[in-house]
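Please look over the following report on a single protein chain and its ligand.

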Amino acid sequence: MHPVFEDVRLKPVFEKVRAGERLNHNDGLALYRSSDLLALGYLANLVRERLHGNVTYFNVNRHINPTDVCVASCRLCAFGKKSKDPKAYTLSLEEVWEKAGQGWSEAVTEFHIVGGLHPELTLDWYCEMFRGLKQRFPGVHLKALTMVEIGWLARRSGLGVRATLERLMAAGVDSLPGGGAEIFSERVRRIICDHKITGDEWLEIAREAHKLGLKSNCTMLYGHLENEEDRTSHLLRLRELQEETGGFVTFIPLAFHPANTPLRHLPSTTGFADLKNIAVARLLLDNVPHIKAYWVMLTPRIAQLAQRFGADDIDGTVVEERIYHDAGATTSQSLRRAELLRLIREAGREPVERDTLYRPVRRSEATFTVLV
Ligand code: V47
């Protein structure tokens, strides 16, 4: 069947996608510059179905943010606070362990743990937190600390990146989330996150982690000051590292939420841009297995549509979310398992509950009844 493309410039891209050929920088630009969203969706869906058939993955996870105190003052962020700010918080180890257990059931297979760059919390403190979590919840996967936090702890401890990662792994960290990559363009980074590690450093820490056998996710923040060139280059740099290490599991495009940030004058992203970013990511990142439509950031409605525009994952139950809600997100903080199933099924996809590394999770009837 030949699709009808309104945008004839997409024809050569279509031929490549049909033949399973790798797309290049100019193809990426052509995709980003096209308004033929249905054609982009058609192409991305072709690739998505080749890789994952009709399945959409989700998981039952809990986010934990131990502290919002952060030495960096990134203009993109509404979450980080200075330690003197009366609204800032830092959980004690006991509080982290207690939070992890709140609402805990057999169901949770992952804790997603990220926070600010705290001026005083040490690598030992984090290791104790992870050991304590593993002791209390031995079956739960710890997806914890972004490359930015790893870089910060490596600097503070004086151990360097490799030894820091080794310590964290020994304490129980099982994989790394994809946050903090933002956009690799240094021109844009200077404005939105000038206190953070550079794009090169983010990639170097990911490389080190992958070399040690630690899998990670990767992200791109869009909808602020970046342009099509920046987005295309960002995706191709991730693809290049993936060729070398094979360590990225999932890519998550993150829509910028301007509320309560110093960039609050910028408009929010549109549904059109959100779906386009999902589709282009699926087409350019041909070596990253999964594309996640993170419902907290996109809204459940767009995350559901994304399952027909290249995404094969919708994230999970989340339970408590702070980073996007501090930046004005109006979505709920948690979705029940039953609601995730409904979103996926109504999109004509087959829901598969997964663990962090995409192994299917089998539930006994008893657990299932509790969850639904
Ligand atoms: O690192 C911060 C971004 C990230 C804002 O790996 C903002 O499975 C938009 O990385 N507007 C955190 N974005 C979220 C994240 C993530 C989420 C879900 C799953 C996974 C995964 C990773 O959010 C931050 C930063 O890049 N961010 N502030 C803001 N105002």
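## Burial and the basis of the model

A residue is called buried when its relative accessible area is under 20%, exposed when this is over 50%, and partly exposed in between, with a 1.4 Å probe and only the protein chains taken into account. With a relative accessible area of 11%, Y358 is therefore buried.

The model is predicted, so that local features need pLDDT of at least 70 and side-chain atom pairs count only at pLDDT 80 or more, whereas totals for chains, interfaces and linings use all residues. Residues are numbered from 1 along each chain as its sequence is written, and side-chain values use heavy atoms, with hydrogens and water left out.

## Loop residues

Y358 sits in the loop between β10 (350-353) and α16 (365-371), where helices (H or I, at least four residues) and strands (E, at least two) are DSSP runs numbered from the N terminus. Although Y358 is not a glycine, its phi is positive, at about 70 degrees. A positive phi is also found for N260, another residue other than glycine, with a value near 65 degrees; N260 belongs to the loop between β7 and α11.

T261 is likewise placed in the loop between β7 and α11 (271-284), and it counts as buried because its relative accessibility is 0%. G116, in the loop between β3 (110-113) and α5 (123-136), is buried because its relative accessible area is 6%, and its C-alpha atom is separated by 24 Å from that of H265, 149 residues apart along the chain.

## Helix residues

P12 is part of helix α1 (residues 11-19) and counts as partly exposed because its relative accessibility is 49%. The C-alpha atoms of P12 and E321 are separated by 42 Å, and these residues are 309 apart along the chain.

A273, in helix α11, also counts as partly exposed, because its relative accessibility is 24%. A separation of 9.6 Å is found between the C-alpha atoms of A273 and S35, although 238 residues set them apart along the chain.

## The ligand site

The ligand is surrounded by 23 residues, of which L76, K143, G178, E182 and K292 are the closest; a residue is near a molecule if one of its heavy atoms lies within 4 Å of it. By class, this shell holds 12 nonpolar, 7 polar and 4 charged residues, where Ala, Val, Leu, Ile, Met, Phe, Trp, Tyr, Cys and Pro count as nonpolar, Asp, Glu, Lys and Arg as charged, and the others, Gly among them, as polar.

Of the 610 Å² of accessible area that the ligand has on its own, the protein covers 95%, as calculated by the Shrake-Rupley method with a 1.4 Å probe. Two or more residues of the shell come from each of β6 (215-222), β7 (248-255) and α14 (323-326), and β7 gives the most, with 3 residues.
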